[in-house]
Amino acid sequence: MLSKSSWMLLTLLLIHAGCQSSHTVKLINWNTYHLFDHEKHTAAASQWLSQQTPAIVAMQEVLHSSEDTLLQLATTWGHDYAVMHKQSGYPVALTSSNPIEVIERRSKGFHHGYLHARTHGLDVLVVHFWPNKVHEAEHVAALARKLSDEGRPVIVMGDFNAEIRHDEAYLQEHGQLGQVVDGARRFDYRSTDAFLNQGFIDLTHQQDPDANYTFGSPALIPRWRKNMTDVRSTRRRIDYVFADPDTAKQTRSATVITNDATVGKWSDHYPITAILSPSPTAQ
């Protein structure tokens with residue numbers, strides 16, 4: 001099996017030889033809020049995704065869909081491949097411009113579950129963790145580390161439903177978040193620590209440390225929040241794209257799109273984008 005350094009050398013040689021049509025892989029992760037508020041905004045969101053020209057899209061809360069209907073939707077943003085980890089409850093899903101090999105669809109022992117697949121030369125784990133069920137994150141983090149140790153480039157992305165210690169200063173400024181214990185405001189970082197402790201890199205923090213919230217948006221009004229003041233008071237990052245260290249070195253950008261005139265109307269979570277360059281060899 002090739003080491004990751006050998007894999008990168010092979011990739012560069014293939015690029016030089018003209019065996020790849022693109023030098024970048026653009027990722028998007030997005031909790032779609034019941035598939036864009038129960039499909040009210042699917043057309044607008046799909047058009048936006050098409051304009052982003054991603055190679056890979058990871059999605060959570062893909063309700064109202066089967067793999068067939070998700071594939072039909074994915075073609076609107078240029079993807080001919082789409083898979084889901086289940087077709088009831090709150091599925092996670094992956095769409096890609098390249099073929100997808102499904103390695104594992106896991107629901108047992110998890111509240112929502114996760115999807116493990118390979119596409120564009122990446123092992124991609126799409127997750128939707130339940131708050132405070134730390135065993136979910138620990139299981140996926142251990143799996144991700146095992147794959148990385150085997151020499152595979154690994155991306156873990158999704159809705160972690162947990163804060164991260166990188167954002168401590170921001171979180172302390174927002175007095176309605178966390179829990180006050182013995183007069184101090186504290187946050188439960190265990191689910192994200194599971195990945196940091198395995199050596200994985202939070203790409204958003206690495207590339208754009210001022211991007212400090214992925215949730216919530218105006219889509220929460222009026223059902224979950226009264227007004228924008230209420231929305232802003234509880235904004236924080238709970239969605240992430242993690243990469244193994246070697247893959248993180250290939251990351252050219254990563255940020256959160258927080259446009260309230262567009263994406264903020266279609267979901268209560270904002271999409272994360274990341275660009276890897278050079279791209280892994282397609283599998």
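## Close-up views of the predicted model

**View A. D260 and R235 form a salt bridge, with their closest N and O atoms 3.2 Å apart.** A salt bridge here is a side-chain nitrogen of Lys or Arg within 4 Å of a carboxyl oxygen of Asp or Glu. D260 sits in the loop between β13 (251-256) and α11, and R235 in the loop between α9 and β12, so the pair ties together parts that are 25 residues apart in sequence. Helices (H or I, at least four residues) and strands (E, at least two) are DSSP runs, numbered from the N terminus. R235 is buried, with a relative accessible area of 6%, while D260 is partly exposed at 26%. Buried means under 20% relative accessible area, exposed means over 50%, and partly exposed lies in between (1.4 Å probe, protein chains only).

Before moving on, two notes on reading these views. Please keep in mind that this is a predicted model, in which local features need pLDDT of at least 70 and side-chain atom pairs count only at pLDDT 80 or more, whereas totals for chains, interfaces and linings use all residues. Residues are numbered from 1 along each chain as its sequence is written, and side-chain values use heavy atoms, with hydrogens and water left out.

**View B. E163 pairs with R236 in a salt bridge whose closest N and O atoms are 3.3 Å apart.** E163 belongs to the loop between β8 (154-159) and α6 (168-173), and R236 to the loop between α9 (228-233) and β12 (239-243), so this pair ties together parts that are 73 residues apart in sequence. Is E163 buried or exposed? E163 is buried, with a relative accessible area of 14%. R236 also counts as buried, at 18% relative accessibility.

**View C. R190 and D188 make a salt bridge, and their closest N and O atoms are 2.8 Å apart.** R190 counts as partly exposed at 47% relative accessibility, and D188 is partly exposed too, with a relative accessible area of 27%. Side chains of opposite charge can pair when their charged atoms come close. How many salt bridges does a search of the whole structure find? The search finds 13.

**View D. Helix α3 (residues 42-52) has T42, A45, S46, W48, L49 and Q52 as its buried residues.** Seen down the axis of α3, these buried residues fall within an arc of 160°, so they line one face of the helix. The arc is that of the directions from the helix axis to the C-beta atoms. What covers the buried residues of α3? The cover includes β1 (25-31), α2 (33-39), β2 (56-60), α4 (67-74) and α11 (263-266), where contact means heavy atoms within 4.5 Å. Just after α3, T53 takes a positive phi of about 45°.

**View E. Strand β1 has 7 of its 7 residues buried, so it is largely enclosed by the rest of the structure.** V25, L27, N29 and N31 point one way from β1, and K26, I28 and W30 point the other way. On one pairing, 5 bridges join β1 to strand β14 (residues 272-276), and the two run antiparallel. Here N29 stands opposite I272, and the bridge partner of I28 is T273. On another pairing, 5 bridges join β1 to β2, and these run parallel. In β2, L27 has I56 as its bridge partner.

**View F. An open sheet of 6 strands runs in the order β3-β4-β2-β1-β14-β13, with mixed pairing.** Two strands pair if DSSP finds at least two bridges between them. β3 (81-84) and β13 stand at the edges with a single partner strand each, so one side of each is left without a neighbour in the sheet. The twist averages 10° from one strand to the next. α3 lies across β1 and β2, running at about 160° to β1, and α4 lies across β2, β3 and β4 (92-96), running at about 140° to β3. For these angles, axes are lines fitted to C-alpha atoms, for helices over the stretch in contact, and angles run from 0 to 180 degrees between N-to-C directions.

**View G. Stepping back, the protein has 11 helices and 14 strands.** Of its 283 residues, 55% count as buried. Among contacts between residues at least 6 apart in sequence, 68% join residues at least 24 apart.
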